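The following paragraphs lead the reader through a single protein model, moving from its helices to its core and then to its loops. Please keep the sequence and the structure in view while reading.

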Amino acid sequence: MDRDNLIPIQEFCAHYQVPETFISSLYDYELIEIITTENTQCISVTQIRNIEKLIRFHFEMDINLEGIHAISNLLDKVESLQDEIKRLHNKIDFYENQ
């Protein structure tokens, strides 16, 4: 992966003022990916929005990691179902307009 698209965990945690152990816990719960490059653990910039959401769940809403894991799985399922609904609507529109 391109190094320009990676942020060292230490820098990320310093910027967002969260402990590195929190990021490690998110990784342990398979909520984020950690990429190790040149002996430095990093996250991809594409994950920032998701991690910000998880930070808010934990630190602002006081939801524990097990709850965050459950919420994330449910939100992923909702997103998947919304995509399927769009796909089916498009299919219906295609057949109705023939």
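What covers the buried residues of α4? Before the answer, some conventions are needed. This is a predicted model, in which local features need pLDDT of at least 70 and side-chain atom pairs count only at pLDDT 80 or more, while totals for chains, interfaces and linings use all residues. Residues are numbered from 1 along each chain as its sequence is written, and side-chain values use heavy atoms, with hydrogens and water left out. Helices (H or I, at least four residues) and strands (E, at least two) are DSSP runs, numbered from the N terminus. A residue is called buried under 20% relative accessible area, exposed over 50%, and partly exposed in between, with a 1.4 Å probe and protein chains only. Contact means heavy atoms within 4.5 Å.

The cover over the buried residues of α4 includes α2 and α3. The buried residues in α4 include L65, G67, I68 and S72. S72, which lies in this helix of residues 65-96, has a relative accessible area of 9% and therefore counts as buried. Apart from neighbours within four places in sequence, S72 is in contact with L31 and L54. The length of α4 can also be checked. The expected span of a helix is 1.5 Å times one less than its number of residues. For the 32 residues of α4 this gives 46 Å, and the end C-alpha atoms are 46 Å apart, so the two values agree.

Rings of Phe, Tyr and Trp (its six-membered ring) pair if their centres lie within 6.5 Å; planes under 30 degrees apart count as stacked, over 60 as edge-to-face and the rest as tilted. The whole structure holds three aromatic pairs. In one of them, F94 and Y95 have ring centres 5.2 Å apart and planes at 75 degrees, and the pair is therefore edge-to-face. F94 is partly exposed because its relative accessibility is 48%, whereas Y95, at 53%, counts as exposed.

The interior comes next. A nonpolar core is a set of buried Ala, Val, Leu, Ile, Met, Phe, Trp, Tyr and Cys residues joined through side-chain atoms within 4.5 Å. The largest such core has 20 residues, and those with the most contacts inside it are F12, I23, L26, I32 and I51. At least two residues of this core come from each of α1 (9-16), α2 (20-28), α3 (48-60) and α4. The largest share, five residues, is supplied by α3. When neighbours within four places in sequence are set aside, L26 is in contact with L31, I32, I51, L54 and L65.

Which residues of α1 are buried? They are I9, F12 and C13. These residues cover an arc of only 95 degrees around the axis, so they lie on the same side of α1; the arc is that of the directions from the helix axis to the C-beta atoms. An α-helix has 3.6 residues a turn, so residues three or four places apart point the same way. On the other side of α1, Q10, E11, A14 and H15 are exposed. The cover over the buried residues of α1 includes β1 (6-8), α2, β3 (40-44) and α3.

Cysteines deserve a separate remark. A disulfide is a pair of cysteine sulfur atoms within 2.5 Å, and a search of the whole structure finds zero disulfides. C13 is in none, and the nearest cysteine sulfur, that of C42, is 11 Å away.

Most residues other than glycine have a negative phi, and most peptide bonds are trans. Q17, which follows α1 and is found in the loop between α1 and α2, has a positive phi of about 55 degrees although it is not a glycine. At 73% relative accessibility, Q17 is exposed. D62, in the loop between α3 and α4, also has a positive phi, near 60 degrees, and is exposed at 69%. E33 is found in the loop between α2 and β2 (35-37) and is exposed, with a relative accessible area of 55%. Leaving aside neighbours within four places in sequence, E33 is in contact with Y27, C42, I43 and Q47. The C-alpha atoms of E33 and S44, eleven residues apart along the chain, are separated by 7.9 Å.
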